[in-house]
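Thank you all for coming; today I would like to walk slowly through one protein chain with you.

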Amino acid sequence: MHLYDGLRSSLQSIFSHKMRSLLTLMGIVIGVMAVVTMFSSIYGLKMLIQSNMEGMGWNRSVLITGSNIYFGIVMENSEKKAFIKTKENVRALGLIDYEALKKQLDLKSIYGMIEERQNYLNNKKREIVQLKATNNSFFVNKTYTLKSGRFFRSFETDTGEKVCILGYYFVQKYFKGIDPLGQFVTVGSMRYRAVGVLNMDKMNKAGMDFNSWERKNDLEAVYIPLQTGAKYLRSHNAVDYIYLQAKDDASYTPLKNRARQILLAQRGMYQNFEFQNIGDFLLKITTEMNSAFKKWNITLFAIASISLIVGGIGLFSTLLISINERMVEIGVRKSVGATEGDIFFYFIMEAITLAGLGALFGIVIASVLLKIVSSLVHLAMPIPAQGIIIGIGFSLLVGFLSGLYPALKAAKINPIEAIFYFE
């Protein structure tokens, strides 16, 4: 009941002086708004960069490509001697390796890729276009969606059917006002039936450049199933490279080691392949980016906290003034049995309650403003729990510190002097 009485008394005092309480709250409200907005903007920018890095499909990833020179070691007269094999000695990277990796690895994403620049006949005029053979995981990994049609079906990939998916910009350039679905597209010496059209890139709509050149190039290409490309564009079902992506950072290194073991077993311990550890580079970038965002959080929090400190000074002065106004109340409370601890508790509760109300109003107003700004700039700016906790916590701390001296001063007042203060 003591806590309830203290809270009720604080609210009565606050609402009995509405204008003074409102002006006192303004400093706390502005301070909390600054803290929450700062954390939200940094958090929103961080999530935007991370989601788009994820959408580019290069995080926690490794590319496996073929190598032109293959090294080996043999024993001769009890001595180790190195030798070099030419690329004719060992089978090239191919579909069999892709299938082995896909079957034996626990990963998030895997796809193979074959890339060719081929002639495309457009109104009796030959133009060079990009022809890419891959599987559906490529589109999922790169966050490319369909505008119309469908992705490759399993029987089309298994049997190497001559079907294709057209990039958004390819259709914009060569099929203006025409629905390409079901039509045959001749690229090189092959005719492919169009079964799908990719949608425009949605990643770079927030005004930021996330590898836009490469993604635009992807959306200008024609895609066929990986098995079709290995069958008609390469000899011995070879592929240009295989992409692997781990489920998380912890499984990234074990994934590379296991993939190396599988490929070595596939080709008699000859390492005629190379690993391009793109994930290592992006992991370093992510680490540096997180470190930079932490520094920005600390810097901006220090700036935003100035508003809260100013609000705390206003709260401090208000409580000091209220002591003189409530002298009789203090005297009466003490005369009927209130201890110094009770008086101290009532005043400190009023300071904390004012700070808490200011924090709540600041969070509500910040939420509304952030939603308006998010809709205007087309950038998601969620309010992280960290910002709310720090805003409320720091506000309550400022309230406690601001009310500490006035509460101590009020607790030490002589009850007789307090009752006859105005006489």
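Before anything else, please keep in mind that what you see is a predicted model.

Let me begin with T143, which sits in the loop between α4, residues 136–141, and β6, residues 146–149. The phi angle of T143 is near 60°, which is a positive value in a residue other than glycine. Is T143 buried, partly exposed or exposed? With a relative accessible area of 43%, T143 counts as partly exposed, because that value falls between the 20% and 50% cut-offs.

A second residue with a positive phi is H236, where the angle is about 55° although H236 is not a glycine. H236 belongs to the loop between α8, residues 226–232, and β11, residues 241–245, and, because its relative accessible area is 77%, H236 is exposed.

Now let us turn to helix α3, which covers residues 95–104, and in which L95, D97, Y98, A100 and L101 are buried. Which elements cover these buried residues of α3? Among them are β1 (61–66), β4 (109–122), α8, β11 and α9 (252–266).

Finally, we come to a patch on the surface, a nonpolar one formed by F361, V364, I365, V368, L369, I372 and L376, which together have about 640 Å² of accessible area.

Technical notes:
Residues are numbered from 1 along each chain as its sequence is written. This is a predicted model: local features need pLDDT of at least 70, side-chain atom pairs count only at pLDDT 80 or more; totals for chains, interfaces and linings use all residues. Side-chain values use heavy atoms; hydrogens and water are left out. Patches are made of residues with over 30% relative accessible area and no salt bridge: like charges are joined within 9 Å, nonpolar side chains (Val, Leu, Ile, Met, Phe, Trp, Tyr) within 5 Å. Accessible areas come from the Shrake-Rupley method with a 1.4 Å probe; for residues, only the protein chains shown count as cover. A salt bridge is a side-chain nitrogen of Lys or Arg within 4 Å of a carboxyl oxygen of Asp or Glu. Helices (H or I, at least four residues) and strands (E, at least two) are DSSP runs, numbered from the N terminus. Buried means under 20% relative accessible area, exposed over 50%, partly exposed in between (1.4 Å probe, protein chains only). Contact means heavy atoms within 4.5 Å.
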